[in-house]
Amino acid sequence: MKKIAILGSTGSIGTQALDIIDRNRDQLKVTVLSCARNIEMLCAQIEKFRPEMVVVDKEEDALQLSKKYGYIEVMHGMKGLITAAESPYDLLLNSLVGMMGLVPTYHAVCKGRDIALANKETLVAGGEIVMKQVEKNNIKMLPVDSEHSAIFQSLQGNKQEQLKKIYLTASGGPFRGYTLEELEKVTLEQALKHPNWNMGNKITIDSATMMNKGLEVIEAKWLFNVPVAKIQIAVHPQSVVHSMVEYVDNSIIAQLGAPDMRVPISYAFGYPNRIENTFEPLDLFGLGSHLTFEKPDLKVFKTIAFAYEVAEKGGTYPAAMNGANEALVQLFLEKKIKFIDIQNTIERILNAHIPTYNLGLDDILEADKAARSMVYELLK
């Protein structure tokens with residue numbers, strides 16, 4: 001029986017993970033659940049899965065849950081997330097949104113815990129320090145993002161040194177083919193309508209700006225220990241090929257599947273084995289006549305170029321970019337800025353950033369905080 005701890009259990013990834021666990025109770029068991037504010041859904045999850053530990057954001061919610069579920073250890077805040085990350089389990093699924101995921105993941109890997117990672121910001125901002133601990137403690141860092149899972153699967157049975165290129169696929173989001181002038185007119189309602197995937201608001205906006213793909217480039221750099229020059233984004237509107245790996249003999253191995261996040265989640269949960277499922281499979285014969293691939297437009301979607309640039313520069317540049325992006329996406333979701341302001345403001349912040357190198361956790365957190373503060377200063 002594999003014991004699973006889930007940080008972010010009421011979000012899109014967390015609820016799909018619990019669906020997999022519910023279908024495979026003979027193999028998987030939940031020990032930890034966490035959420036920020038969706039207490040009603042968390043209560044339903046507690047009653048269904050009976051975890052040993054629960055973490056919420058606010059102390060008052062923790063007190064209420066302690067009274068209601070006396071048999072469960074209930075904690076709150078970042079201290080609670082760290083305690084949960086260090087608790088006994090077999091695999092931690094980190095599906096927290098944004099920079100919130102870095103600190104508990106870092107504590108988990110320092111404790112030698114295996115990770116199923118659905119929080120790309122952990123490696124975008126903290127890849128340097130996190131992966132040092134992964135190597136030091138000889139733990140598994142299993143990717144849950146569909147693209148990174150596809151790369152991971154395509155690397156199985158092959159030699160890392162024979163890798164020539166990674167093709168990281170992207171749907172292109174709802175604004176594929178737009179000009180800069182057209183991006184000026186994008187509304188929040190348009191940006192929240194992803195053509196293929198059903199995701200949370202933050203990642204949906206990141207997909208619309210294509211920052212999501214830039215973040216994934218940096219994540220892939222750390223996960224697979226490759227220079228970003230070997231990572232090529234391939235816009236693939238059908239979202240059937242989830243990513244590909246090219247080897248030195250020019251062979252390309254791809255992983256295909258329906259756009260269903262439960263597949264990469266279940267692969268991480270079962271690894272090195274596969275968990276049989278009854279999800280709707282990919283209908284190869286219903287795909288139509290072709291699959292298409294194209295290069296992204298870096299002049300329109302500048303966020304991708306920013307990501308390659310900060311990955312090369314290193315230090316606190318990625319943390320500054322990520323922190324600025326998170327703050328800007330939230331402002332856009334609150335309808336306080338325009339869609340185009342996201343990438344334009346990130347560019348200004350990166351141009352002004354003074355980096356720190358030879359990083360510690362505090363350096364990364366400070367760069368994140370400073371970038372967020374600069375966002376609000378610039379947009380007063």
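The legends below describe close-up views of a predicted model. Local features need pLDDT of at least 70 and side-chain atom pairs count only at pLDDT 80 or more, whereas totals for chains, interfaces and linings use all residues. Residues are numbered from 1 along each chain as its sequence is written, and side-chain values use heavy atoms, with hydrogens and water left out.

**View A. Strand β1 and its parallel partners β2 and β5.** Strands pair if DSSP finds at least two bridges between them; helices (H or I, at least four residues) and strands (E, at least two) are DSSP runs, numbered from the N terminus. Six bridges join β1 (residues 2-7) to β2 (residues 28-34), with L7 opposite S34. Four bridges connect β1 to β5 (residues 91-94), where I6 faces L93.

View B. Beyond its neighbours within four places in sequence, I151 contacts I166, L168, F224, S243 and V245 (heavy atoms within 4.5 Å). The C-alpha atoms of I151 and I166 are 7.5 Å apart, at a separation of 15 residues in sequence.

**View C. Salt bridges of D22 with R25 and K48.** A salt bridge is a side-chain nitrogen of Lys or Arg within 4 Å of a carboxyl oxygen of Asp or Glu. The N to O distance is 2.8 Å for D22 and R25 and 3.1 Å for K48 and D22. The latter pair links helix α2 (residues 39-49) to helix α1 across 26 residues. D22 is partly exposed at 27%, as is R25 at 38%.

Key. Buried < 20%, exposed > 50% of the residue type's maximum accessible area, 1.4 Å probe, protein only.
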